[in-house]
Amino acid sequence: MKFKDIKYVRPNLDEIKEKYIESITKFKEASSFEGQDEVFTSLNEMRSEFDTMMNLVYIRHSTNTFDEFYDKEKDYLNEISPTIEKLFSDFIKVFLKSEFINDFKEKYGENLIDVYRLKNKIISDDVIELIAKENKLSSEYGKLMGTGMVEFDSKEMPLAFLIKYFKSLDRDVRREANEVHAAYFDKHSEEFDRIFDELVHTRHEIAKRLGYENFIQLGYDRLGRASYTHKEVAEYREKIIKYVVPEAVKLLDKKREMLELDTLYNYDAVITFKDGDPKPVGGEEYLVKEAKKMYEDMSSETGELMNALIDGEYFDLSARKGKAPGGYCTFIEGAKMPFIYSNFNGTQGDVDVLTHEFGHSFQTYMSMNIEPMDIRFPGYEAAEIHSMSMEYLAYPYMKSFFGDDYKKSYYSHMAFNILFLPYGACVDEFQHRVYEEPNMTPAERKALWTDLEKKYTPALKYEDTSLMNKGIRWIWQSHIFHNPFYYIDYTLAEVVAMQVYKRDLEDHKYAWDSYIKMCKVGGKYAFEDIVKIGGFNSPFEGDTLKETISFIVDRLENIEV
Ligand code: ZN
């Protein structure tokens, strides 16, 4: 089936409610495991249909935000979703009390029970209203970010457009663009401060009402982290300080030399080469054609998926008026197909989409038959392993995308990843400290950020007159507002992806088999177990981080660019 032929039918809330109520009654009445399992399976079929419709609306709205029909449907689904979530949590309560729980564990695996246990813990009637308030605050932030207009280059433009000037090879342009960007946040600092302050207090209150000491553990539970706690994460951050920060400092100094600067400032750090980052040698048609060749060559499974994506038109890649910004990969239950969305703009990022988002799509494709859908896809930290590893597994094909500049693409990719780990840890410690002391004032939070920057990114200098000295960098890290504690996940996955790369250089077949194994298990296991299934080491464990970073630094130093 082609994507455009999938029919959207508006989900009927009354029918859904009825199905839940009927399922709960039937589940309680069933006197055998088989009986309960049948009710469970039938309920999941309906949930899967609803999920298909949600995704269709999400995709069709983002590919054309002017479409009034899908705009309305999106509002409708957003409106009924909390009610449906609540109905599902009512079902989970009954499910977890089943006298046949061990049979369920046996059939679907222990992790499903953990996933449901956490889903059950994070919601109650007492907090529904507060959660609605939290969502509203989060949207207010989104609006303030999305509608922001700035003046630059004597043109009025959306805030997001400034970002493309950050990479300008003209130093004055990048400096100016960075300051205009910072000035927007400085100008609206009262609004951002109020939104964040209310978010912190609301989240703290939700946590208290649910019986938590503060928001930290609730944040972890919301992310479905059943196998590690903030203690392991804190130790991991310490290792980043010990093993990665010194390398990042050296790397920035190398950049300074490469860019022939006396002092490297924050606005220089995103540039790697004096004559610019490598650019893809063709547009969408060319890149898709090369990606098709690459995935057909990589394995029969990747070739099969790539061809299915092309034949069914399960992607929308190039930037166009009316498309929502960003990129993502999602899975359409009803069609059993992933969908890749992006905004190609002629930069190195276009190739990253074809590797990173394809990695996500490949994982969903490999685990699409796992039931129920709640354990089909893993948590964020494990999900990013599949996408980030694919970025490395695609290295041997980069010449066809970047021509003679392909080695530069390795350099900027690895350099970016090394510099990213300390920044990711900085964002993470900031959030822990903020939720530990919810009564901190906005000014204290900014001072805290400045302190943490000294600790994690000591070589990243701001000019004396820069507004960035006001401790505001975190305000445009949207995860902090929308999805607390999520950010560190990218760093955890990166440390595993680097190990995949190492193994790929040593023994390609072994590396590929390990990768496929991790893709196939979907979300049947927790993060560390998935890492173990691939035969890799958890970033939390012993010397994993130290050894992995020393490998990547060594590779980087040996690339001739
Ligand atoms: Zn991703």
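Which side chain of opposite charge is nearest to Glu453, and how many Å away is it? In this predicted model, where local features need pLDDT of at least 70, side-chain atom pairs count only at pLDDT 80 or more, while totals for chains, interfaces and linings use all residues. Residues are numbered from 1 along each chain as its sequence is written, and side-chain values use heavy atoms, with hydrogens and water left out.

Glu453 lies in helix H18, which spans residues 442-456 (helices are DSSP runs of H or I with at least four residues, strands runs of E with at least two, numbered from the N terminus). Glu453 is buried, that is, under 20% relative accessible area with a 1.4 Å probe and protein chains only, yet Glu453 has no salt bridge, a term for a side-chain nitrogen of Lys or Arg within 4 Å of a carboxyl oxygen of Asp or Glu. The nearest side chain of opposite charge is that of Arg473, 6.1 Å away.

The side chain of Glu453 does make a polar contact with the side chain of Tyr462 at 2.6 Å (N or O atoms within 3.5 Å, one able to donate a hydrogen and the other to accept it). Leaving aside residues up to four places away in sequence, Glu453 touches Cys426, Pro458, Tyr462 and Arg473, where contact means heavy atoms within 4.5 Å.

The setting is a protein with 23 helices and five strands, for which the following values were computed.

| Property of the protein | Value |
|---|---|
| Box of the C-alpha atoms, along the principal axes | roughly 75 × 55 × 50 Å |
| Buried share of the 561 residues | 56% |
| Share of contacts with a separation of 6 or more that join residues 24 or more positions apart | 74% |

How values were computed: Buried means under 20% relative accessible area, exposed over 50%, partly exposed in between (1.4 Å probe, protein chains only). Lys and Arg count as positive and Asp and Glu as negative; His and the chain ends are not counted.
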